[in-house]
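Please view the sequence and the model together.

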Amino acid sequence: MAYLVVCVRFLPIMAQSGPYIQPPHNRPHHHSSTVTAAAAATIDLVEFNPTHLPSIRSTIAQAYTDYGAFHDTNHGVPTKLLRQIKTTGLTFFNQSSIDDKLTYSCDPHSFASQGYGSRMLLSDENDTVVLDWRDYFDHHTLPLSRRDPSRWPHFPENYRETVVSYSNEMKGLAQKLMGLISESLGLRGLYIEDAVGEGCSGPKQETFFRIGTKSSKNEM
């Protein structure tokens with residue numbers, strides 16, 4: 001059985017050098033509550049309704065204190081677009097020939113190459129059993145100077161327009177979340193956004209599809 005994952009990541013411009021993940025002695029020591037991780041780290045954003053923002057900020061602060069991350073719901077991204085981006089990715093992978101996919105091959109020797117590629121997880125050094133495989137397509141979507149839809153597939157027909165729309169929605173969501181996270185820390189709303197780059201046009205945004213096998217050892 002195959003699965004498709006659609007992801008967006010922002011690669012911020014770091015203001016200072018040094019390791020991103022700090023050694024244990026530099027990390028805060030917190031004791032998480034007895035609430036399960038799944039429940040505590042899921043936050044209903046209520047589509048950023050102003051009357052709910054104080055409680056949302058408080059919940060975000062608690063989630064970062066206990067878990068360092070959270071899953072959000074009711075974020076305001078159109079459900080139609082979420083369905084469309086998944087359908088677009090699945091259609092490309094399932095209905096395009098291998099020759100068509102290879103037309104958009106990424107550079108395997110480049111760390112930041114965009115395009116189509118494939119990876120396999122093998123059982124041992126003798127490559128006797130394929131445990132897992134995944135095809136992927138990485139898109140450079142922000143800043144606009146990196147966005148070049150001509151390097152993306154033209155099938156299905158709305159592929160490029162859908163990826164652009166999804167990228168723009170994720171940019172807007174990221175800006176809202178950075179504002180809430182900043183405020184949950186007692187900072188001004190634009191603090192994190194200013195630190196990582198002007199309006200998310202400074203940080204690099206990458207939108208990527210992943211499709212592969214799904215087994216009991218590879219649950220998403």
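Which residue takes a positive phi just after α5? In this predicted model, the residue is G186, with a phi of about 80°.

L187 counts as partly exposed because its relative accessibility is 33%, a value between the limits of 20% and 50%. Together with L185 and Y191, L187 forms a nonpolar patch on the surface, with about 290 Å² of accessible area in total.

Positive phi values also occur in residues other than glycine, namely V46 and F48. V46 lies in the loop between β2 (42-44) and α2 (53-66), and F48 lies in the loop between β2 and α2 as well. V46 is partly exposed, whereas F48 is buried.

| Residue | Phi | Relative accessibility |
|---|---|---|
| V46 | near 50° | 28% |
| F48 | near 60° | 14% |

Strand β5 spans residues 130-142 and includes T141. T141 is buried, with a relative accessible area of 0%. Its side chain makes a polar contact of 3.1 Å with the side chain of T207. Among the residues that T141 touches are R147, W152 and V163.

Two cis peptide bonds complete the account. One joins L142 and P143, with omega about -5°; the other runs from F155 to P156, with omega near 0°. P143 is found in the loop between β5 and α5, and P156 is placed in the loop between β5 and α5 too.

Technical notes:
Residues are numbered from 1 along each chain as its sequence is written. This is a predicted model: local features need pLDDT of at least 70, side-chain atom pairs count only at pLDDT 80 or more; totals for chains, interfaces and linings use all residues. Side-chain values use heavy atoms; hydrogens and water are left out. Helices (H or I, at least four residues) and strands (E, at least two) are DSSP runs, numbered from the N terminus. Buried means under 20% relative accessible area, exposed over 50%, partly exposed in between (1.4 Å probe, protein chains only). A polar contact is a pair of N or O atoms within 3.5 Å; within protein, one must be able to donate a hydrogen and the other to accept it, and residues adjacent in sequence count only if both atoms are side-chain atoms. Contact means heavy atoms within 4.5 Å. Patches are made of residues with over 30% relative accessible area and no salt bridge: like charges are joined within 9 Å, nonpolar side chains (Val, Leu, Ile, Met, Phe, Trp, Tyr) within 5 Å. Accessible areas come from the Shrake-Rupley method with a 1.4 Å probe; for residues, only the protein chains shown count as cover. A salt bridge is a side-chain nitrogen of Lys or Arg within 4 Å of a carboxyl oxygen of Asp or Glu. Lists of a residue's contacts leave out its neighbours within four places in sequence.
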